[in-house]
Amino acid sequence: FGRRYKIRVTDKKERVFESAFEELMPPVEKGELSYDLSTFEVLDEENEVENLPAIQFQLSSSIKLSGREENAQMIWFPERTYAFSDSLFQPDFISKTCYVTAPVKVTDIEIFKGSQFELNQLENHPLSKVQLNYEFAEGYYYTLYQRTLGEQAFEYWKQTKQVIERTGNQFEPPVGRIITNFKNTSNESAGNVFGYFSAFYEDTLRLCVTPDEVGNPLKLCPLRDRLGCSPPNPCCDCLLEGFSKLEKPDFWEK
């Protein structure tokens, strides 16, 4: 920590790209995840407000850099893992269980600039809010990858997040080129370079949510309106569920 790093890349055309130096920032003290039961407000087919059950994940953590007086600039990448078993209304069908690991959603990438706050501790800071559905019926893990970033790397992710979340609102900042710390050292006038090299510390925080804790939600399978596999669906084969695998993750305790 405190040292600076850069990368140099040479491609097949003998072009040389080199990044600026990036400081490896120290971590913050590892925090804890928790959740509360919540609701989503959606409009139904009759354009009336309907409340759907949801889970609100939260983080309690120090935001002070270890060994320093300053607060951290952080980025959080959330991920979900859940068990999903296929099942059909067929006597000879042999059910199996898959494990799905996928991002919660790309817009749930969150950045936090601790230097803007005088406090050095977060309490129940809201993160992802997800619908309480069949994904929680057989076990669910919420994973948070937390990185501490330097000033420029934080700015890169801030600009990237603004692009990801654009909705076309007239009050949004205008679209611009995202910053980079790369340059073409073999020919600096050879056009734009895109991308960013950063050095960072990453912590992994993980929280298990058991079915009993959230009221034993209904499983998706078997689908009540389908007796077979035409068209193919995850209840015929759980490997059809996106990002699914048969191998149980190392961290899965059940």
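**Exercise 1.** Classify Cys-229 as buried, partly exposed or exposed, and describe the disulfide that holds Cys-229.

*Solution.* 
Step 1. Apply the cut-offs: buried means under 20% relative accessible area, exposed over 50%, and partly exposed in between (1.4 Å probe, protein chains only). Cys-229 has 36% relative accessibility and therefore counts as partly exposed.
Step 2. Find the partner. A disulfide is a pair of cysteine sulfur atoms within 2.5 Å. Cys-229 is joined to Cys-236, with 2.1 Å from S to S. Cys-236 is buried, at a relative accessible area of 11%.
Step 3. Read the torsion. About the S-S bond of Cys-229 and Cys-236 it is about -125°, so this disulfide is left-handed.

The model is predicted: local features need pLDDT of at least 70, side-chain atom pairs count only at pLDDT 80 or more, and totals for chains, interfaces and linings use all residues. Residues are numbered from 1 along each chain as its sequence is written, and side-chain values use heavy atoms, with hydrogens and water left out.

**Exercise 2.** State how many disulfides the rule gives, and describe the link of Cys-98 and Cys-238.

*Solution.* 
Step 1. The rule gives three disulfides. A disulfide is a covalent bond between the sulfur atoms of two cysteines.
Step 2. The sulfurs of Cys-98 and Cys-238 are 2.0 Å apart and form a disulfide. The torsion about this S-S bond is about 65°, so the link is right-handed.
Step 3. Locate both ends. Strands (E, at least two residues) and helices (H or I, at least four) are DSSP runs, numbered from the N terminus. Cys-98 lies in strand S8 (residues 97-103), and Cys-238 lies in the loop between strand S13 (201-209) and strand S14 (244-245), so the pair ties together parts that are 140 residues apart in sequence.
Step 4. Check burial. Cys-98 is buried at 0% relative accessibility, and Cys-238 is buried at 0% as well.

**Exercise 3.** Describe the surroundings of Thr-143.

*Solution.* 
Step 1. Thr-143 lies in strand S11 (residues 140-149) and is buried at 0% relative accessibility.
Step 2. Contact means heavy atoms within 4.5 Å. Leaving out residues up to four places away in sequence, Thr-143 touches Phe-77, Pro-78, Glu-79, Thr-204, Leu-205 and Arg-206.

**Exercise 4.** Give the strand order of the open sheet of three strands, and name the strands at its edges.

*Solution.* 
Step 1. Two strands pair if DSSP finds at least two bridges between them. The order is S5-S6-S10, with antiparallel pairing.
Step 2. S5 (32-43) and S10 (121-131) stand at the edges with a single partner strand each, so one side of each has no neighbour in the sheet.
Step 3. S5 is joined to S6 (residues 49-62) by 12 bridges.
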